[in-house]
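Subject: A structure to look through

Dear colleague,

Here is the structure I promised to hand over, together with some notes on what was found in it. Please keep it open beside you while you read.

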Amino acid sequence: MKKLLLGFLYVITFSSIVFNSFGQTPTVGLRFHDDLVTEGYTLFTPEKNTNAYLINDCGEKVNEWNFTDRPSLTAYILENGNILRAGKSVVEIRDWDDNVIWSYAVVDQHHDIEPLPNGNILCLLWDRYSDAEMIAMGRNPATVGTEMRLDKIIEIQPMGTNGANVVWEWKFVDHFIQDFDNTKPNFGIVADHPELLDLNFVDANAPNQDTDYTHANGLDYNAALDQIIISVRHLNEIYIIDHSTTTSEAANHAGGNSNFGGDFLWRWGNPQVYGQGDDTNQKLFLQHDSKWIESEYLDGDKISVFNNGGVDGAFTSSSAHMITPEIVNGTYTKENNMFKPMDYEWTWSGSILGATMFEGKKSGAHGLPNGNFIIAENHIGQVTEVNKGGTVLWTYKNPTGTGTNVYDQFETPGTDNSFFRAEKYPSDYIGFTGKDLTPQTIIENENAVSDLCIMNALGIETFDFTNLIVTNPVEGGLISFNGNQELDAIRVLDINGRILFEQDDFNANEVQLNLKPALYFLMLEKGNTKECRKIIAK
C-alpha cells in the first residue's frame, strides 16, 4: 500500500497526472510505448516556435530552452550538457539553464550544423552564383535560372560570447567537371572522374535544378576518419570528403590524409550522376540526414539515412536505411566502377500506428546503441523507435505549434507541429552527467499512455476494471458504483495528494464525502490489479 501511495504522490507532483477515458490513441505527445524501448532522452526543435524540448521515454519534459528565433533547423546536446542550436538569424550555445553562452550570426546558414570535438562548429551555407558565372564554368545555358544556389561548408571557431573565426572552408563549386564546353578548364570525361561532380547532370525528378542544383541538407563528422559526410537532396547522393585538408587543399584535388584534396572520397545513392549504371542502380531519392552511427554503438561507423522516395523512388512511402561502405587501405572500394556497397545492409519501410510512413521532404533517421533506429517524420512532427525486425517500440508526436500554441488531446495538429528531425541520446550520454533530469510534466494537457508509462516505471501495476462504472461527475459528494464492490483498498485524494478517504477491505456500492467542486483521484486495488481514475465533483 505504501509503495502505491508514494508512487502516486510522485506522479501528481512531477507529472500533473490526469487520466482520460476516451480509450483512443493520443493524437499528440506519447502515442505508443513498449517496455523494450531504448532508455534515453529525445531532443526536438519545433519548426513553428522558438523552443527546444528534451523529453524522457514517458513523454515527460525534463528540460526546455526558449530561443529568440525559430530554428534553421537543428539542435544538439553537447558533451558538456550545453545545447547548440541553429536559428534563423544566429547559431547559439546555451547552458542547461537556458543562459546564452555564445551567439553568432551566420549568413545563409541552412538545414544542419555539426559540433566538432575541438569545440568548433561546421555550418552548411548557401553559396550563390549568377547565371553568367555558371555558364562561364561550363554549365549548359539552357539549364540556368537567374541565380544558381549551391552549397558550401565552413568551420567556425567560437570566440568570446558573440564572435567567431572561420578556420576552414569547402565548396561544391571547386569540384565540378563537365563535358559540355571544351573551352573550359574543367572539361573532361565524367565517367572517368567519380571524385568530381558533373556540372550538367539533370535529374528529371529533382526540383529546381536550374536554381538549386545541390540542395545539401545534412552534415556529419567522423573523428576517427577525420571525414565529413554530406547529404545532397537534388542529386540523390551522399558524399564523403576529407576534413584533414587546409582550406587551400579543400579547394583543389590534392592534399590531406587521402591526398584527394576536397574531391569526393566516396559517393552513394545514384551512380548515374558520375556516368555509371542506370536507374536500376539508383538507391536514394531526395534523401535526408545521412550520418555515421556512433563508433561505440552496435552498428558503429555504418551510415544511416532517411530515404524520402522509398526503396523504389515511387514516392508512395519513405524508408530508413543502414549502409556499410568498404574501405581497403584507406580507400573506398568500387564494383563495376560504382562505389560499394551495391545495396542497403538494412532497410525499413512500413506503417507507424496504422499509417504508412511517407515524408516528401526533410525528416531523418539514426542508429541507437543497441541497433534500434530512431525515425523522425517531418510534416507530422513525429518520432518513432523501431528495432531491426521492424517492430515499432515507441512513438511521440510534438504537441506544440505556432508560437505558444499547445494542442489538447484529441486535437489534430495538421502540419503546424512539424520539426526537421529529432535526436535521441542514451540515458548514460556524457552530456547528462550532473544534470537535473527530474521529470517536470508532459507538454500537452493529458496523455493516458504517458500516465501508464510513468506508473509502470514506478513499479505500479495498472489494469482496467472493465466492469466497474463510477458515476462521474460526482454530485453532493456521493461517489457511487454500479453495484456492490469488494476491494482490497480504496482511497480518494485531492489534487495535492492529500488523502481524504481510505479504507481497506472495502465492501459497498458508494462512498459519501464532503467534497468541494474540484478534481479528485480515486485509487482502487484488488489482488494484483490497481487502477486510478479521475473524478470531478460538482
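Glu-423 is buried, with a relative accessible area of 8%, because buried means under 20% relative accessible area, while exposed means over 50% and partly exposed lies in between (1.4 Å probe, protein chains only). This residue sits in strand S33, which covers residues 419-426; helices (H or I, at least four residues) and strands (E, at least two) are DSSP runs, numbered from the N terminus. The side chain of Glu-423 makes a polar contact with the side chain of Arg-421, at 3.4 Å, where a polar contact is a pair of N or O atoms within 3.5 Å; within protein, one must be able to donate a hydrogen and the other to accept it, and residues adjacent in sequence count only if both atoms are side-chain atoms. If neighbours within four places in sequence are left aside, Glu-423 is in contact (heavy atoms within 4.5 Å) with Tyr-41, Thr-42, Leu-43, Ala-75, Tyr-76, Lys-291 and His-366.

Before going further, please note that this is a predicted model, in which local features need pLDDT of at least 70 and side-chain atom pairs count only at pLDDT 80 or more, whereas totals for chains, interfaces and linings use all residues. Residues are numbered from 1 along each chain as its sequence is written, and side-chain values use heavy atoms, with hydrogens and water left out.

Strand S33 also matters for the second largest pocket, in that S33 gives the most to its lining, with 4 residues. On a 1 Å grid over the protein atoms alone, a pocket is an open set of points with protein on both sides within 12 Å along at least five of seven lines, a cavity is a set of points where a 1.4 Å probe fits but cannot get out, and lining residues have an atom within 4 Å of a point. The second largest pocket has a volume of about 1100 Å³, a volume being the space filled by probe spheres set on the grid points, which are joined across faces, edges and corners. Its lining is made of 38 residues, of which Glu-79, Glu-114, Pro-115, Glu-294 and Tyr-429 lie nearest the centre.

Among the residues that line the largest cavity are Arg-267, Trp-268, Asn-270 and Met-338.

Asn-270 leads on to Leu-235, which touches Asn-270 as well as Leu-197, Phe-201, Gln-209, Tyr-213, Thr-214 and Val-273, not counting residues up to four places away in sequence. Leu-235 lies in the loop between strand S16 (227-232) and strand S17 (237-242), and at 0% relative accessibility Leu-235 counts as buried.

Turning to the sheet, there is an open one of 5 strands in the order S1-S32-S31-S30-S29, with antiparallel pairing, where two strands pair if DSSP finds at least two bridges between them. Strand S1 (29-33) and strand S29 (364-367) are the edge strands, each pairing on one side only. Between S1 and strand S32 (residues 392-397) there are 4 bridges, and Leu-30 stands opposite Tyr-396 in S32.

Lastly, for the whole protein chain, the secondary structure comes to 4 helices and 38 strands, and buried residues make up 58% of the 538 residues.

With best wishes
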